[in-house]
Amino acid sequence: MSLIVSLVAVAVLIGPTIAAYLIVPPEVLAAWPAMAVSFIPLAAALLACLVVHGWRPQLEAPLPTTAAAWLKAEIARLGTIGIGVAAMAKGNDQASFFHPATNTIVLADDVFGEHSANAHATAAHELGHALFGLERPRLAALLMTARTTASGWSEVGGGLLVGAGVAGSRAIAIAAIAALMIAAILHALVVVEEAVASQHALALLRPHLTAPEQAPAAARDLRRAFATYGLQLAGAAAAVAVAAWLARHPTGVLPDGPAPMGAAAIAATVGAVVA
């Protein structure tokens, strides 16, 4: 049954795109660089995932406490009230995170019970997010909004740029660039928040990491995690640059006028963009 549902979902998502390629006139397909812009942030995000999952930390001397036990003790030492610590559900292969709505730090399986400096660095980073939320609640809420909406603005910008290729409208192209710029700014705000959390983490870990190799290992882990957000910012900035270049050089990329499309082609194209 699940296979049938998966096949139906794939058909719903890919079907309109295939239909659009079959129906739309060549003038629209000639604008494929404009369509490719929407995939630049996605490619950067995939590269960031490779950085996270492809990196294998060096072995270092284990710490006497698990990351979860240290985190709970550190919260108690700081006298911080209301921050909870939870383990992620088994089999849920996700990264550790701080959940502001419940003020809870959720640690992944490879962090919660681990004694490595890398696991402690991850726990300290999430505690940095929690402390920042308590110290600057309004700013933290703003940055959380930036985190949750940045990718959406990239998708809007990519869709509008495809629309500019269909309609031959410079105004739509400008709107697309504006949406992509908003996405880049939001990604930059996320990078700032991540930098603040990492600085908190380094300060919290400094007195705890006593073996010579532990502090460098934790710092490497924090830099690697930070690089993933930097890559996403770079992808968003690259999308802005490419879209602006396409708008300045419309010949052969963005048509000067509306493409000769019928109602069926327009419906298929809109459906493809939405999918």
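The legends below accompany close-up views of a predicted model.

**View 1. Overall course of the chain, with eleven helices and three strands**. Read along the sequence, the elements of this predicted model follow the pattern α-α-α-α-α-β-β-β-α-α-α-α-α-α. The chain has 275 residues, of which 39% are buried, and it exposes about 14,400 Å², with carbon and sulfur atoms supplying 70% of that area. When contacts between residues at least 6 apart in sequence are considered, 75% of them join residues at least 24 apart.

**View 2. The largest nonpolar core, a set of 26 residues**. The residues with the most contacts inside this core are Trp70, Leu71, Ile83, Ile105, Leu107, Leu127 and Leu205. At least two residues of the core come from each of helix 5 (67-78), strand 3 (104-107), helix 7 (117-135), helix 9 (170-205) and helix 10 (214-248). Among the contributors, helix 7 gives the most, with eight residues. Apart from this core lies another, of 13 residues, which includes Ile177, Leu180, Ala184 and Ala244.

**View 3. The surroundings of Leu107, one of the residues with the most contacts inside the largest nonpolar core**. With its neighbours within four places in sequence left aside, Leu107 is in contact with Ala68, Leu71, Val85, Ala86, Ala87, Met88, Ser96, Phe112 and Ala123. Of these partners, Leu71 is itself listed among the residues with the most contacts inside the core.

**View 4. Helix 7, a helix of 19 residues**. From its first C-alpha to its last, helix 7 reaches 26 Å, which is close to the 27 Å expected at 1.5 Å a residue. Because 16 of its 19 residues are buried, helix 7 is largely enclosed by the rest of the structure.

**View 5. His120 and its contacts within the model**. His120 has its place in helix 7, and it counts as buried because its relative accessibility is 0%. Once neighbours within four places in sequence are left aside, the residues in contact with His120 are Leu63, Thr65, Thr66, Ala67, Trp70, Glu114, His115, Leu205 and His208. Two of these partners, Trp70 and Leu205, are also named among the residues with the most contacts inside the largest nonpolar core.

**View 6. The salt bridge between Glu74 and Arg77**. Side chains of opposite charge can pair when their charged atoms come close. The structure holds four salt bridges, and in the one shown here the side chains of Glu74 and Arg77 meet at 2.4 Å, N to O. Both residues lie in helix 5, three residues apart, which is about one turn of the helix. The two partners fall into separate accessibility classes: Glu74 counts as buried at 7% relative accessibility, whereas Arg77, at 57%, counts as exposed.

**View 7. The salt bridge between Arg147 and Glu194**. Here the side chains of the two residues meet at 2.7 Å, N to O. Arg147 belongs to helix 8 (residues 137-167) and Glu194 to helix 9, so the pair ties together parts that are 47 residues apart in sequence. Arg147 is partly exposed, with a relative accessible area of 25%, while Glu194 counts as buried at 2% relative accessibility.

View 8. Elsewhere, salt bridges that share partners join Arg147, Glu193 and Glu194 into one network.

**View 9. A nonpolar surface patch of about 490 Å²**. The patch is made by Val10, Leu13, Ile14, Ile18 and Leu22. Among these residues, Val10 lies in helix 1 (residues 2-23) and is partly exposed, with a relative accessible area of 43%.

Key
Residues are numbered from 1 along each chain as its sequence is written. This is a predicted model: local features need pLDDT of at least 70, side-chain atom pairs count only at pLDDT 80 or more; totals for chains, interfaces and linings use all residues. Side-chain values use heavy atoms; hydrogens and water are left out. Patches are made of residues with over 30% relative accessible area and no salt bridge: like charges are joined within 9 Å, nonpolar side chains (Val, Leu, Ile, Met, Phe, Trp, Tyr) within 5 Å. Accessible areas come from the Shrake-Rupley method with a 1.4 Å probe; for residues, only the protein chains shown count as cover. Helices (H or I, at least four residues) and strands (E, at least two) are DSSP runs, numbered from the N terminus. Buried means under 20% relative accessible area, exposed over 50%, partly exposed in between (1.4 Å probe, protein chains only). A nonpolar core is a set of buried Ala, Val, Leu, Ile, Met, Phe, Trp, Tyr and Cys residues joined through side-chain atoms within 4.5 Å. Contact means heavy atoms within 4.5 Å. The expected span of a helix is 1.5 Å times one less than its number of residues.
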